[in-house]
Amino acid sequence: MDGPLVGLKVVEMAGLGPAPFACYLLASLGAQVTRIEAKGRSALFLPLDPDTNCDVLLRDIVQLDLKSDEGHRQALDLIGEADVLVEGFRPGVMERLLLGPDDTAKINPRIIYARMTGYGQDGPMAQRAGHDLNYIAMSGVLSMIGRKDASPVPPLNLIGDYGGGTMMLLMGILSALFSRSISNKGQVLDASMVEGSAMLATPIFSFMASGFWNGDVRGDNLLDGGCPFYDTYETSDGKHVAVAPLEPQFFAALVDELDIGEDWKSRQYDKTSWAQLRLVLSDMFGTQNRDTWAERFAHLDACVTPVLTPQEAALHPHNQHRKSFGQLAGHVMPGTAPKYYDR
C-alpha cells in the first residue's frame, strides 16, 4: 500500500473505539499494522460484517493466547520489531499480561507505547467503565450541545471516541515519532478521551473567557443553534439546508438572494431580532425543496448547502471529483484524508 507511513510497523492490541480506528487510519496511510486478538474471543459486541468493519480492515490479524508462554513470546517478538504499540485497555491490563511499558522497553526501548483510555491512566475514575457520551459529559462538552430548554443531544460518538480520542492519539503518536527521530528514544503516551474532547473545545473556552459565550446556557450562542444564521432549516420536501453566513458579506448575499429586506443586513448581530429572523428564514426555506435551494445558492458566497445523507454525499459531484469517497472491500467508505502530493 502506498502512503506517507510506508515502512512504519504498528502492533495493535484488539479493542473497541478510538484505538482501533487510529490503527485503521495509520494503515490507510501505508503503515503495516498487525492486530493481536485474544484467541477464541472477539473484542466486538456488535455483529459487524468483517468485510465492512473498519476495526479489522487493512490489518494483519494474529490470534494469540497472551496468558500462555508461547503466546506471550510471540507477542513480544512482534512488539520487538514494531515502531508503535497501540492499546486501549483499562489501566493495568497490559501490566498484568507482562506487556506493559516497562516490559516492552527491555526489548524495544525505541517503541512508541500509545495508551488510549476514557479517563486516563490514573486518578479516581481511571478504572471506571464508560463510553463516548460519558467522556464528553465529564469534559463539559456535552452540556453545550443541544437546543435551548432541551436535553443535551448525543453527537454520535464523533467527539469523544474519534475527535478527542483517535485524533489526539494520532497526534501524540506522530509527535513522539518525530521526537524519536532526534532522541532515538521511545515514549509512553497517556491519551484520555475526557482530556482530548475538552481540548477540542478550547476555542469555546476562549469565547467564554472573553464573555462572548454563555457556558451556562445551551442553544443560545453563536455556534450551538442559538443563532438563526448558523443553523439548519427544513425545506418543502422535508429535507434540510445548512445556513452559515457568519460574516456580514456572506449574510448580505443571503439577504439579497432571499429578498427579505435590506434592513436585516444592519441587524445581523442584534440578538434581540434573532427570534424574528429565525421565523423569516424558516418560512422562506419552507417554500421550496432542498435541491432547488442548493441550485439557487450553488454559485453564491452565502454559505448555504444541502444537508446530504451519507449515501448522497458519496455521489455528490464535488466529492466525486475530489475522490472523497472510495471503495474498500466492495463497499463505499470515506477516502483517506488529507491527500498527499509529491512536490
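This is a predicted model: local features need pLDDT of at least 70, side-chain atom pairs count only at pLDDT 80 or more; totals for chains, interfaces and linings use all residues.
1. Val-10 stands opposite Val-84 in strand 4. The two strands involved are strand 1 (residues 9-13) and strand 4, which pair in the parallel sense over three bridges. Pairing here requires at least two bridges found by DSSP between the strands.

2. Residues are numbered from 1 along each chain as its sequence is written, and side-chain values use heavy atoms, with hydrogens and water left out.

3. Strand 5 (residues 112-117) pairs with strand 4 in the parallel sense over four bridges. In this pairing, Glu-87 stands opposite Arg-115 in strand 5. Both faces of strand 4 are covered. Val-84 and Val-86 on one side are buried, as are Leu-85 and Glu-87 on the other. Buried means under 20% relative accessible area, exposed over 50%, and partly exposed in between, with a 1.4 Å probe and protein chains only.

4. Which residue forms a salt bridge with Asp-83? The partner is Arg-180, with the closest N and O atoms 2.9 Å apart. Asp-83 lies in the loop between helix 2 (69-80) and strand 4 (84-87), and Arg-180 lies in helix 6 (residues 158-183), so the pair ties together parts that are 97 residues apart in sequence. Asp-83 is buried, at 15% relative accessible area. Arg-180 also counts as buried, at 8% relative accessibility. A salt bridge is a side-chain nitrogen of Lys or Arg within 4 Å of a carboxyl oxygen of Asp or Glu. Side chains of opposite charge can pair when their charged atoms come close.

5. Glu-257 and Arg-296 meet through their side chains in a salt bridge, 3.0 Å from N to O. Glu-257 is in helix 9 (residues 248-258) and Arg-296 in helix 12 (residues 290-297), so this pair ties together parts that are 39 residues apart in sequence. Glu-257 is partly exposed, at 25% relative accessible area. Arg-296 counts as partly exposed, at 29%.

6. Asp-263 and Arg-267 form a salt bridge at 2.7 Å, N to O. Asp-263 is partly exposed, with a relative accessible area of 39%. For Arg-267 the value is 23%, again partly exposed.

7. A salt-bridge network links Glu-12, Arg-35, Glu-37 and Arg-59. The structure holds 19 salt bridges. The protein carries 29 positive and 42 negative side chains. Lys and Arg count as positive, Asp and Glu as negative; His and the chain ends are not counted. The centres of the two sets lie 5 Å apart, each charge being placed at NZ of Lys, CZ of Arg, CG of Asp or CD of Glu.

8. Strand 10 (residues 325-328) and strand 11 (residues 331-334) pair in the antiparallel sense over four bridges. Gln-327 stands opposite Val-332 in strand 11. The two strands form a hairpin with two residues between them. Ala-329 in the turn has a positive phi of about 55 degrees.

9. Is Thr-104 buried or exposed? Thr-104 counts as buried, at 0% relative accessibility. This residue lies in helix 4 (residues 101-105). Neighbours within four places in sequence left aside, Thr-104 is in contact with Ile-79, Leu-99, Ile-111 and Tyr-113. Contact means heavy atoms within 4.5 Å.

10. Val-307 sits in the loop between strand 9 (304-306) and helix 13 (310-315). Val-307 counts as partly exposed, at 36% relative accessibility. With neighbours within four places in sequence left aside, its contacts are Thr-232, His-240, Val-241, Ala-242, Arg-290 and Glu-312. The C-alpha atoms of Val-307 and Gly-164 are separated by 25 Å, and the two residues are 143 residues apart along the chain.

11. Overall figures follow. The protein has 14 helices and 11 strands. Its C-alpha atoms fill a box of roughly 75 × 45 × 40 Å along the principal axes. Of the 343 residues, 41% count as buried. Among contacts between residues at least 6 apart in sequence, 65% join residues at least 24 apart. The accessible surface comes to about 18,700 Å², of which 56% belongs to carbon and sulfur atoms. Accessible areas come from the Shrake-Rupley method with a 1.4 Å probe; for residues, only the protein chains shown count as cover.
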